[in-house]
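Colleague: Could you put the model on screen? I would like to go through its helices and charged pairs.

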Amino acid sequence: QVYAQIEADLTEAETLLPPTYPAADQGRATSGAAAAILGKALMQQSKFAQAAPVLKRVMDSNRYRLMPT
């Protein structure tokens with residue numbers, strides 16, 4: 001029940017939030033951030049098949065990258 005609401009909220013947020021902000025508003029939540037958190041929430045529930053396309057959208061956006069270790 002809680003995860004269902006989290007999924008609904010993040011799915012809606014992904015559609016409502018912009019992909020980027022001007023420099024003055026950097027750090028605000030973006031559609032990519034909502035998608036990444038949604039993907040993580042799905043993976044925490046072992047919904048890997050559902051998480052894969054969500055996280056692929058984040059990767060394919062070319063706005064984010066992994067930091068080298």
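Modeller: Here it is; please note that this is a predicted model. In helix 3, the buried residues are Ala 51, Val 54 and Val 58.

Colleague: How do the buried residues fall when seen down the axis of helix 3?

Modeller: They fall within an arc of 70°, so they line one face of the helix. Ala 49 and Met 59 are exposed on the other side of helix 3.

Colleague: And what do the buried residues of helix 3 pack against?

Modeller: They pack against helix 2, residues 31-44.

Colleague: Changing topic: how many salt bridges does a search of the whole structure find?

Modeller: The search finds three. In one of them, the side chain of Lys 47 meets that of Glu 7 at 3.1 Å, N to O. Lys 47 lies in the loop between helix 2 and helix 3, and Glu 7 in helix 1, so the pair ties together parts that are 40 residues apart in sequence.

Colleague: Is Glu 7 buried or exposed?

Modeller: Glu 7 counts as buried because its relative accessibility is 15%, under the 20% cut-off. Lys 47, at 28%, counts as partly exposed.

Colleague: Which residue does Arg 57 meet in a salt bridge?

Modeller: Arg 57 meets Glu 14, at 3.0 Å from N to O. Arg 57 is in helix 3 and Glu 14 in helix 1, so this pair ties together parts 43 residues apart in sequence.

Colleague: What about Lys 56?

Modeller: The side chain of Lys 56 forms a salt bridge with that of Asp 60 (2.9 Å, N to O). The two are four residues apart in helix 3 and therefore separated by about one helical turn.

Definitions and conventions: Residues numbered from 1 in each chain as written. Predicted model: local features only at pLDDT ≥ 70, side-chain atom pairs only at ≥ 80, totals over all residues. Heavy atoms only, no water. Buried < 20%, exposed > 50% of the residue type's maximum accessible area, 1.4 Å probe, protein only. Arc of directions from axis to C-beta. Contact = heavy atoms within 4.5 Å. Salt bridge = Lys/Arg side-chain N within 4 Å of Asp/Glu carboxyl O.
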